[in-house]
Amino acid sequence: MATRKRQRKLQYPSRLGRDTSAYSPPSITELSISELELEYTFVEPLPDKYLCGICKSVLKEPHVTECCGQHFCKNCLEKSKSKSESCPICRRNKFNHIKYLPFVREIDELKVYCARSSSGCTAKLEYADRNNHDKVCEYALVLCANKWCGKTLYKKDLEGHSQNYCEFRESTCQTCGQVGKYKDVGTFVHYVVCPDIIQNCPNSCGEQFKRKYSESHNSICPEGIVTCDFAEAGCQATPKRKYLDSHMDTNMKQHLSQLMKAHTAMKQEHAAIKQDNAAMRKEIGTFIKRGVIPFKK
Ligand SMILES: [Zn+2]
Ligand SMILES: [Zn+2]
Ligand SMILES: [Zn+2]
Ligand SMILES: [Zn+2]
Ligand SMILES: [Zn+2]
Ligand SMILES: [Zn+2]
Ligand SMILES: [Zn+2]
């Protein structure tokens, strides 16, 4: 009884009984692209004064030298100082430099295109807003929220993919209620084994039944092939179930004669065994008389 219950559960898992630990709650995973890898293009041509005297790119943390009033990125200057103590432009030894706030403000107000414009983002923003924009940019790359998928998508496509297209999304078979990954329960892979799919009888009897009832139908299907009740007596007929009765009726004589033949054969076998038994008993008797086998009373 207990075994039957368990089997039923295995074949048709209920919604309550399913293992939810296999599914991770949806979450957005940002791919780690650091700010350094994002390159911004300025909408207007960038005035030369905002370019670093060393790296020739837009100033990052602008610093100005006291000796010659040139502008550099803070990092570029520090790298240069670690190699040589003299100013990279006027060659003054042991020169000083300080942060240059006016350029910080001016550059921050310049307009740039989104660093993901080549992917399709059309946003124009102030240089200062680049980090804020990247957090909401629809063209930022994220990982699909469904465990096992591993696909990288634009943020704007994430919801549609995760909920409607991802083959790893959680899905329920509309026919039997089994829950699993879409590729397992939502496709032909499951359709060919789904226990509740209705199918036609393979013997073409005209009946339709759920796949899980195939075996029980097979045991009553009128078009199913059966063996004759007198098979053991020697009848080799294999009529369809619907013809078994008439087979029995029309072959009564044949069945009886087959039965008689089988009966006679069994009788002969029985007599032979009886004879063997008597001979054996006689032999044991002589052994006992000769004392080969001790006889206890
Ligand atoms: Zn620089
Ligand atoms: Zn200088
Ligand atoms: Zn953008
Ligand atoms: Zn996916
Ligand atoms: Zn199903
Ligand atoms: Zn049938
Ligand atoms: Zn028969």
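Modeller: Let's begin with helix α10, which is hardly covered: of its 38 residues, the count of buried ones is zero. "Buried" means that 20 or more other C-beta atoms lie within 10 Å of a residue's own; with 12 or fewer it is exposed, and in between partly exposed, with C-beta atoms placed from the backbone. Helices (H or I, at least four residues) and strands (E, at least two) are DSSP runs, numbered from the N terminus.

Before going on, a word on what you're looking at. This is a predicted model, where local features need pLDDT of at least 70 and side-chain atom pairs count only at pLDDT 80 or more, while totals for chains, interfaces and linings use all residues. Residues are numbered from 1 along each chain as its sequence is written, and chains are lettered from A and ligands numbered from 1 in the order in which they are written.

Back to α10, which covers residues 252-289. At 1.5 Å a residue, it should span 56 Å, and its end C-alpha atoms are 55 Å apart, which agrees. (The expected span is 1.5 Å times one less than the number of residues.) After α10 comes G291, with a positive phi near 80°.

For contrast, take strand β2, residues 62-65. Both its faces are covered: P62 and V64 on one side, H63 and T65 on the other, are all buried. β2 sits in an open sheet of three strands, ordered β3-β2-β4, with antiparallel pairing. Strands pair if DSSP finds at least two bridges between them. β3 (71-73) and β4 (97-99) are the edge strands, each with a single partner, so one side of each has no neighbour in the sheet.

How is β2 tied to those two? Three bridges join β2 to β3, where P62 has C73 as its bridge partner. β2 and β3 make a hairpin with five residues between them, and G69 in the turn has a positive phi of about 65°.

Helix α2 (residues 74-83) packs on this sheet, touching β2, β3 and β4, and its direction makes about 90° with that of β3. Such angles run from 0 to 180 degrees between N-to-C directions, using lines fitted to C-alpha atoms, for helices over the stretch in contact. "Contact" means C-beta atoms, placed from the backbone, within 7 Å.

Finally, the whole chain: it has 10 helices and 12 strands, and buried residues make up 12% of its 297 residues.

Terms used. Two residues are in contact if their C-beta atoms, placed from the backbone, lie within 7 Å.
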